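Subject: A structure for you to look at

Hello,

I am passing on a structure that you have not seen before, and my notes on it follow below. Please have a look at it first, and then read on.

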Amino acid sequence: MHEYTSRVKVWGLSCPGFPEEVSRARRWTRDILRGSPSAQDAELIVSELSANAILHTASGRTPGGFHLALAVSAQVVAVSVTDDGGTDTVPEVEHQDQHAEHGRGLGMVSAIAHHVAVHATDHGHTITAELFTDTRPGEPSC
């Protein structure tokens, strides 16, 4: 494969801001990544980020929602969740006590993912978590 050529597949799903949509987002992710070694980690990340969007932003208020994007290549699985904003604070990783009931979600996501980025706009936040595969850039993939 040429170093400037990649085969990336991208999927998107928009969900209304209802709690039951978190399980729909998990199923959708599991179906797309069926057979991938990253499937379980990606499913857990989707669950956390989707739940956070509903619980902590305008996504959980009528007529709110969240958007999920999944990008897959031979080197990386990238999961992005975009919320509807409505908060004065930008999501950030908090290091909470293991017995805390809230505030551990992004910490868990950052422990599972190889890279986590938060992008804020006037309309909301997008959190992207990347899971790297064992294939290194420049190595052939199966």
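Helices (H or I, at least four residues) and strands (E, at least two) are DSSP runs, numbered from the N terminus, and two strands pair if DSSP finds at least two bridges between them. This is a predicted model, in which local features need pLDDT of at least 70 and side-chain atom pairs count only at pLDDT 80 or more, while totals for chains, interfaces and linings use all residues. Residues are numbered from 1 along each chain as its sequence is written, and side-chain values use heavy atoms, with hydrogens and water left out.

Let me begin with the sheet. Strand 2 and strand 3 (residues 76-82) form a hairpin, with three residues between them. Their pairing is antiparallel and runs over six bridges; His-67 stands opposite Thr-82 in strand 3. Strand 1 also pairs with strand 2 in the antiparallel sense, over eight bridges, and Cys-15 has Phe-66 in strand 2 as its bridge partner.

The whole sheet is open and has five strands in the order 1-2-3-5-4, with antiparallel pairing. Strand 1 (9-16) and strand 4 (115-121) stand at the edges with a single partner strand each, so one side of each has no neighbour in the sheet. From one strand to the next, the twist averages 15 degrees. Strand 4 pairs with strand 5 (residues 124-132) in the antiparallel sense over seven bridges, and there His-119 stands opposite Thr-126 in strand 5.

Which strands does helix 1 touch? Helix 1 (residues 20-32) packs on the sheet and touches strand 1 and strand 2 (65-72), where contact means heavy atoms within 4.5 Å. The direction of helix 1 makes about 165 degrees with that of strand 1. Axes here are lines fitted to C-alpha atoms, for helices over the stretch in contact, and angles run from 0 to 180 degrees between N-to-C directions.

Now to the helix pairs. Helix 1 and helix 2 pack at an angle of about 155 degrees, with their axes 9 Å apart. That makes helix 1 roughly antiparallel to helix 2 (angles under 35 degrees count as roughly parallel, over 145 as roughly antiparallel, 65 to 115 as roughly perpendicular and the rest as oblique). The residues in this contact include Val-22 and Ala-25 of helix 1 and Val-46 and Ile-54 of helix 2.

The axes of helix 2 (residues 39-56) and helix 3 (residues 105-112) come within 10 Å and cross at roughly 155 degrees. Helix 2 is therefore roughly antiparallel to helix 3. Among the residues that make the contact are Leu-44, Ile-45 and Leu-49 of helix 2 and Leu-106, Met-108 and Val-109 of helix 3.

A search of the whole structure finds three salt bridges (a side-chain nitrogen of Lys or Arg within 4 Å of a carboxyl oxygen of Asp or Glu). One of them joins Arg-24 and Glu-21, with the closest N and O atoms 2.7 Å apart; both residues lie in helix 1, three residues apart, about one turn of the helix. The peptide bond from Thr-62 to Pro-63 is cis, with omega near 5 degrees, and Pro-63 sits in the loop between helix 2 and strand 2.

Enjoy exploring it!

Best wishes
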